[in-house]
Amino acid sequence: MKNIDFGFVADIYDDYVNVDFDIPFYQSICKGYRGNVLELMCGTGRVSLPLIENGINLTCVDYSQEMLDVFSKKLNGKTPLLICQDICELDIDNKFEFVFIPFNSFSEITDSKKRKIAVKKITEHLVDGGDFLITLYNPEYRKLAADGNLKCLGKYDISNDRTLIVTYYNSFDSTSNLVSGTQFYEIYDRKNKLIDKRFLNIAFSLISHDEIDELCNEFNLAVKGIFGDYHFGNFSDNSQFMNYLLTKRVIV
Ligand SMILES: C[S@@+](CC[C@H](N)C(=O)[O-])C[C@H]1O[C@@H](n2cnc3c(N)ncnc32)[C@H](O)[C@@H]1O
């Protein structure tokens with residue numbers, strides 16, 4: 001069973017996730033790799049499409065066929081490989097120079113044993129000396145925002161003269177290290193009459209430095225850098241993000 005089933009909102013995902021603050025970061029990193037690049041948990045291709053346009057040889061994986069269907073309609077004849085697979089069961093007949101998980105999505109695997117399995121699979125798909133980028137929230141920063149209050153993510157003009165309003169709340173549980181809550185989606189017609197209402201339960205883990213260190217030790221990865229933002233700034237305790245660039249050690 002999927003933790004968060006984005007398939008329920010695949011048709012409107014691009015309307016409310018219309019951010020691009022992180023794209024130049026991935027574009028810049030990807031320039032350093034000449035070989036194959038693997039993007040995991042790619043969704044509707046928000047990050048993938050600008051990279052494909054830059055000529056990156058990208059393979060994209062997501063376990064929601066609905067999200068991949070939206071992605072595929074935006075391809076306009078370009079042909080990256082889109083694979084519908086759970087990354088805990090990653091099985092691709094290729095090895096990659098660079099693997100990355102954008103938008104803090106690794107945290108959506110809320111069982112630490114499953115995260116371990118996913119990292120094992122990922123390292124099996126990396127060439128020796130290949131790099132792996134995991135984008136995460138800084139737990140100390142993110143838990144402050146999980147205050148249980150209802151908030152508005154935004155109001156968006158969408159196709160056919162409709163308006164989408166997204167609200168949400170989430171709370172942090174220190175025993176499980178989980179942030180969980182619900183997102184509500186309301187769609188109104190041109191006369192402001194409600195025509196659709198949905199909700200999606202959200203849960204993600206706040207992953208610690210200690211867990212990443214353990215994963216590195218177990219799977220022969222080394223830390224190349226920890227960025228606290230999407231501009232290659234060094235991580236500090238006050239950073240919003242905790243983006244780990246890891247490398248697969250070469251065994252001699
Ligand atoms: C928040 S969306 C991010 C999508 C996209 N990367 C972006 O930046 O807009 C998270 C995506 O991860 C996918 N996902 C979650 N768990 C997964 C798993 N175990 N294996 C593969 N995909 C997964 C979801 O289906 C969803 O499309």
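1. Domain bounds here come from an automatic or database domain assignment. On that basis the protein splits into domain 1 (6-138 + 207-248) and domain 2 (141-205). The model is predicted.

2. The centres of domain 1 and domain 2, taken over C-alpha atoms, lie 23 Å apart. Domain 1 gives 13 residues to the contact, and domain 2 gives 15 residues. On the domain 1 side, the touching residues are six nonpolar, five polar and two charged.

3. Overall size comes next. The radius of gyration is 18 Å, which agrees with the value near 18 Å that a compact globule of 252 residues would have. The C-alpha trace spans about 70 × 45 × 35 Å along its principal axes.

4. The protein has seven helices and eleven strands. Of its 252 residues, 31% are buried. Take the contacts between residues at least 6 apart in sequence: 61% of them join residues at least 24 apart.

5. Helix H4 covers residues 65-73, and its buried residues are Met67, Leu68 and Phe71. Down the axis of H4, these buried residues fall within an arc of 95°, so they line one face of the helix. An α-helix has 3.6 residues a turn, so residues three or four places apart point the same way.

6. What lies over the buried residues of H4? The cover includes helix H1 (10-16), strand E2 (58-62) and strand E3 (81-84). Gln65 and Lys73 are exposed, on the face of H4 turned away from its buried side.

Definitions and conventions: Residues numbered from 1 in each chain as written. Predicted model: local features only at pLDDT ≥ 70, side-chain atom pairs only at ≥ 80, totals over all residues. Helix = DSSP H or I, 4+ residues; strand = E, 2+ residues; numbered from the N terminus. Rg over C-alpha atoms; globule rule 2.2 N^0.38 Å. Buried ≥ 20, exposed ≤ 12 C-beta atoms within 10 Å, placed from the backbone. Contact = placed C-beta atoms within 7 Å. Arc of directions from axis to C-beta. Nonpolar A, V, L, I, M, F, W, Y, C, P; charged D, E, K, R; others polar.
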